[in-house]
Every structure is written in C-alpha cells, then in structure tokens.
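Subject: Handover of a structure, with notes on what was found

Dear colleague,

I am passing on the structure below, together with an account of its fold and its charged pairs. Please read the notes with the structure open beside them.

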Amino acid sequence: MLKKTITYEDFNGVERKEDFYFNLSKAEIMEMQFGTVGGLDVMLKKIIDAKDVKSIMDTFKMLILKAYGIKSDDGRRFIKSEEIAKEFEQTEAYSILYMELASDDNAAAEFVNGIIPKDVATEVSNQMKAIN
C-alpha cells in the first residue's frame with residue numbers, strides 16, 4: 001500500500017494537506033494481467049518502447065483510479081468503488097498526482113512499485129530486467 005500526502009488548494013481556495021491511499025491486490029493485478037491481450041506487462045513494454053505518450057498517460061490514469069481507495073478505520077478493508085475513484089479524480093489532489101507521474105520518471109516508478117505487493121514488485125522488477 002502506498003500513502004501519498006498531497007498538499008493542494010481546494011475549489012474554495014483553502015489549502016489542504018491530505019493523505020491518500022493506493023493499493024492493488026494480487027487478485028486485481030492478476031485480473032489486469034489476464035484481462036489484457038498478451039498480458040499487462042507486454043502491453044506496457046510495447047507502449048513504453050513506442051514512446052506512445054497518450055497510451056502511457058491513459059495507463060497511469062487507469063492505475064491511479066484503480067488503485068485509489070479508503071482504508072477502513074479498523075484496517076481490515078481497503079474500500080474501492082467507481083464512485084470513490086470518481087470523487088478522487090474530481091479533486092485537485094488527483095491533478096497534482098497525475099502531473100507528477102507524467103513529468104517525473106522516478107516518481108512514476110515509485111508509485112507503481114508502491115501500489116503493488118512487495119513480492120509482486122520484486123517479480124515485476126526481475127521480469128523488466130530480463131526484458132531489457
């Protein structure tokens with residue numbers, strides 16, 4: 001799970017500093033992998049190699065919104081829904097995060113590694129090294 005603290009100005013002109021949480025479970029990653037022709041990893045490699053900026057940004061948007069959720073107070077659940085994701089997308093905090101990922105390769109890599117389980121992150125890193 002990744003916790004991002006984002007400072008932004010809301011639409012009333014009030015400066016806010018809030019924590020936002022992002023996580024993809026192994027099950028969600030598996031669904032994304034098998035729900036993509038050739039697999040998510042192959043698709044991402046093709047997009048990056050082609051330097052297809054629009055597709056890269058579409059993918060970041062999908063990852064941000066798919067990973068965003070709210071932790072339950074007892075920490076047992078990570079609550080996600082289309083409505084919760086849409087509410088986040090409508091904030092300036094989303095815009096700040098999106099622009100950060102679009103303009104900073106290190107921040108993008110940190111984000112992706114932070115939203116996936118640690119053992120999956122290690123496996124993905126090993127696979128990417130093998131591809132390169």
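With which residue does Asp58 form a salt bridge, and how far apart are the closest N and O atoms? The partner is Lys54, and the closest N and O atoms are 2.9 Å apart, where a salt bridge is taken to be a side-chain nitrogen of Lys or Arg within 4 Å of a carboxyl oxygen of Asp or Glu.

Before going further, please note that this is a predicted model, in which local features need pLDDT of at least 70 and side-chain atom pairs count only at pLDDT 80 or more, while totals for chains, interfaces and linings use all residues. Residues are numbered from 1 along each chain as its sequence is written, and side-chain values use heavy atoms, with hydrogens and water left out.

Overall layout

The protein chain contains 7 helices and 4 strands, where helices (H or I, at least four residues) and strands (E, at least two) are DSSP runs numbered from the N terminus. Read from the N terminus, the elements follow the order β-β-α-α-α-β-β-α-α-α-α. Of the 132 residues, 34% count as buried, a class that means under 20% relative accessible area, with exposed meaning over 50% and partly exposed in between (1.4 Å probe, protein chains only). Among the contacts with a separation of 6 or more, 53% are between residues 24 or more positions apart, a contact being heavy atoms within 4.5 Å.

The sheet

The 4 strands form an open sheet in the order S1-S2-S3-S4, with antiparallel pairing; two strands are said to pair if DSSP finds at least two bridges between them. Strand S1 (2–9) and S4 stand at the edges with a single partner strand each, so one side of each is left without a neighbour in the sheet. S1 pairs with strand S2 (residues 15–22) over 8 bridges in the antiparallel sense, and Leu2 has Phe22 in S2 as its bridge partner. S2 is joined to S3 by 2 bridges, again antiparallel, and here Phe22 stands opposite Tyr68 in S3. S3 and S4 are likewise antiparallel and joined by 2 bridges, with Phe78 in S4 as the bridge partner of Lys71. The hairpin of S3 and S4 has 6 residues between the strands, and in this hairpin Gly75 takes a positive phi near 75 degrees.

Helices on the sheet and against each other

H3 lies across S2, strand S3 (68–71) and S4, and runs at about 15 degrees to S3, where axes are lines fitted to C-alpha atoms, for helices over the stretch in contact, and angles run from 0 to 180 degrees between N-to-C directions. H4 also packs on the sheet, where it touches S2, S3 and S4, and its direction makes about 105 degrees with that of S3.

H3 also meets helix H6 (residues 105–115): the two axes come within 11 Å and cross at roughly 35 degrees. This contact is made by Phe60, Leu63, Ile64 and Ala67 of H3 and by Ala108, Phe111, Val112 and Ile115 of H6. These residues divide into 8 nonpolar, no polar and no charged, with Ala, Val, Leu, Ile, Met, Phe, Trp, Tyr, Cys and Pro counted as nonpolar, Asp, Glu, Lys and Arg as charged, and the others, Gly among them, as polar.

Salt bridges

A search of the whole structure finds 7 salt bridges. To return to the opening pair, Asp58 and Lys54 both lie in helix H3 (residues 53–67), 4 residues apart, about one turn of the helix; Asp58 is partly exposed at 38% relative accessibility, whereas Lys54 is exposed at 57%.

Glu28 and Lys80 meet through their side chains in another salt bridge (2.8 Å, N to O). Glu28 lies in helix H1 (residues 26–34) and Lys80 in the loop between strand S4 (78–79) and helix H4 (82–89), so the pair ties together parts that are 52 residues apart in sequence. Glu28 is buried, at 17% relative accessible area, while Lys80 is partly exposed at 25%.

Arg16 forms a salt bridge with Asp10, with 2.6 Å between the closest N and O atoms; Arg16 is partly exposed at 37%, and Asp10 is buried at 12%. Lastly, Lys61, Lys86 and Glu89 are linked in a network of salt bridges.
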